[in-house]
Amino acid sequence: MKKILVTGGAGYIGSHTVVELINAGYTPIIVDSLTNSNKFIIYQIERITGTHLNFYQIDLCDEREIKDIIRSEPDIHDVIHFAAYKSVAESVADPLKYYKNNLYSLINLLDAFKGREVNFVFSSSCTVYGQPDRLPVSENSPLKKAESPYGNTKQIAEQLLEELTTADFNFRVISLRYFNPVGAHHSGLIGELPVGVPQTLFPFITQTATGRRSIKQLTVHGNDYNTPDGTCIRDFIHVVDLAKAHVAALAYMGKNSSKKYNVFNIGTGKGLSVLQVIKEFELTTGIKLNFNIGPRRNGDIEKIWSDVSKSEKLLNWKAQIGLKEMIRSAWAWENN
Ligand code: NAD
């Protein structure tokens, strides 16, 4: 059994990935501060997989704690680094919180592995592209100036990792640029757990549909964009498909032919508008959504979807799950 360190493994994408890693024969060691997640997710993963998990509740910004763990685990050679703050809006309001957490945690983690041979997968984001000039956006598209401190932490992290692989022959790194992860595990036992008012479309929809939100209405931020129905377009990907991409990335890094530093888009290759998702939610669940059209939101990109030909070819991975199942699983999770 191959040990793998998973930071942020109690979070939304991390928890689904831990399940897929166990399915693929890995033994995950989870490190999470639980600042944006809950211990019960660890128990839920154990229920799904029938395994006992190694879990350390630490803050990666504490250099000493992560060093102690890595020192006590000399046979870890694979790492997936999910741990980070992820709210664009919060990062605009409090940039320092984002630069400190997202960069200190990465630097401490890399430092803890200094001198060791490591295959490292980093959670990047399509935010690094800004609003691309051409769609679909490929890994060769130029990166635009980041629209938010959050996006900038991803750009800085990617640059740091690339520089590290040129300087340090022991590191091999893949940055996965996620598009928009949605949905939940088919068991209904794990899913997205937003703290406070959701910032993303799917939990906003499902919470509005249950009537559990204090504001009983979903706001669509702008319908005057240059898109067929005027609302923003995103490339929504089921979180289990995204989780499987990490297993594929690790397998690829295990091959000698893989480059020291590489970047892959992880999406479906299809763009869907906000209104298309709302309509499909109503069709799939039979629930009429109470929504209104509000003004555009600062920092929102008009449209983006991925060119996934590189991931499909080199990682031998392809998103399989469609919009109906994204909605059905998100709805089942919300009702749990
Ligand atoms: P999440 O908030 O659900 O999970 C992140 C986890 O990291 C949480 O459990 C949190 O407690 C933990 N964490 C944060 N800072 C930490 C620290 N200093 N030390 C230890 N643990 C810490 O977020 P997610 O949606 O699962 O995202 C995972 C990664 O993917 C993040 O890096 C995020 O930026 C990136 N990403 C997410 C999305 C998305 O839409 N969800 C899109 C693109 C990229």
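Modeller: In the residue classes used here, Ala, Val, Leu, Ile, Met, Phe, Trp, Tyr, Cys and Pro count as nonpolar, Asp, Glu, Lys and Arg as charged, and the others, Gly among them, as polar. The model is predicted: local features need pLDDT of at least 70 and side-chain atom pairs count only at pLDDT 80 or more, whereas totals for chains, interfaces and linings use all residues. Residues are numbered from 1 along each chain as its sequence is written, and side-chain values use heavy atoms, with hydrogens and water left out.

Colleague: How many cavities of 30 Å³ or more are there?

Modeller: A cavity is a set of points, on a 1 Å grid over the protein atoms alone, where a 1.4 Å probe fits but cannot get out. Grid points are joined across faces, edges and corners, and a volume is the space filled by probe spheres set on the points. The number of cavities that reach 30 Å³ or more is three.

Colleague: Which helices each supply at least two residues of the lining of the largest cavity?

Modeller: The largest cavity holds about 90 Å³, and its lining (residues with an atom within 4 Å of a point) includes Y12, E192, F202, T206 and W333. By class, that lining has seven nonpolar, two polar and two charged residues. With helices taken as DSSP runs (H or I, at least four residues) and strands likewise (E, at least two), numbered from the N terminus, at least two lining residues each come from α7 (201–210) and α11 (323–335).

Colleague: Which element gives the largest share of the lining of the second largest cavity?

Modeller: This cavity has a volume of about 60 Å³ and is lined by H81, A83, A84, N102, L103, F122, T153, K154 and A157. Two or more of these residues come from each of α5 (95–112) and α6 (149–167). The lining consists of five nonpolar, three polar and one charged residues. The largest share, three residues, belongs to α6.

Colleague: How much of the area that the ligand exposes when taken alone does the protein bury?

Modeller: The ligand is surrounded by 28 residues, each with a heavy atom within 4 Å of it, and the closest are D32, N36, S37, K86 and Y150. By the Shrake-Rupley method with a 1.4 Å probe, the ligand alone exposes 830 Å², of which the protein buries 95%.

Colleague: Which element gives the largest share of the shell around the ligand?

Modeller: The shell divides by class into 14 nonpolar, 10 polar and four charged residues. Its largest share, three residues, comes from β5.

Colleague: Is S148 buried or exposed?

Modeller: S148 lies in the loop between β5 and α6, and its side chain reaches the backbone nitrogen of G151 at 3.0 Å. Because its relative accessibility is 7%, and under 20% is the limit for this class, S148 counts as buried.

Colleague: Which accessibility class does T200 have?

Modeller: T200 is in the loop between β7 (180–182) and α7. Its C-alpha atom is 14 Å from that of V239, 39 residues apart along the chain. Exposed means over 50% and partly exposed lies between that and the buried limit, so T200, at 39%, counts as partly exposed.

How values were computed:
1 Å grid on protein atoms, 1.4 Å probe; cavity = no way out; pocket = protein on both sides within 12 Å on 5 of 7 lines; lining within 4 Å. Buried < 20%, exposed > 50% of the residue type's maximum accessible area, 1.4 Å probe, protein only. Polar contact = N/O pair within 3.5 Å; in protein donor to acceptor, adjacent residues only side chain to side chain.
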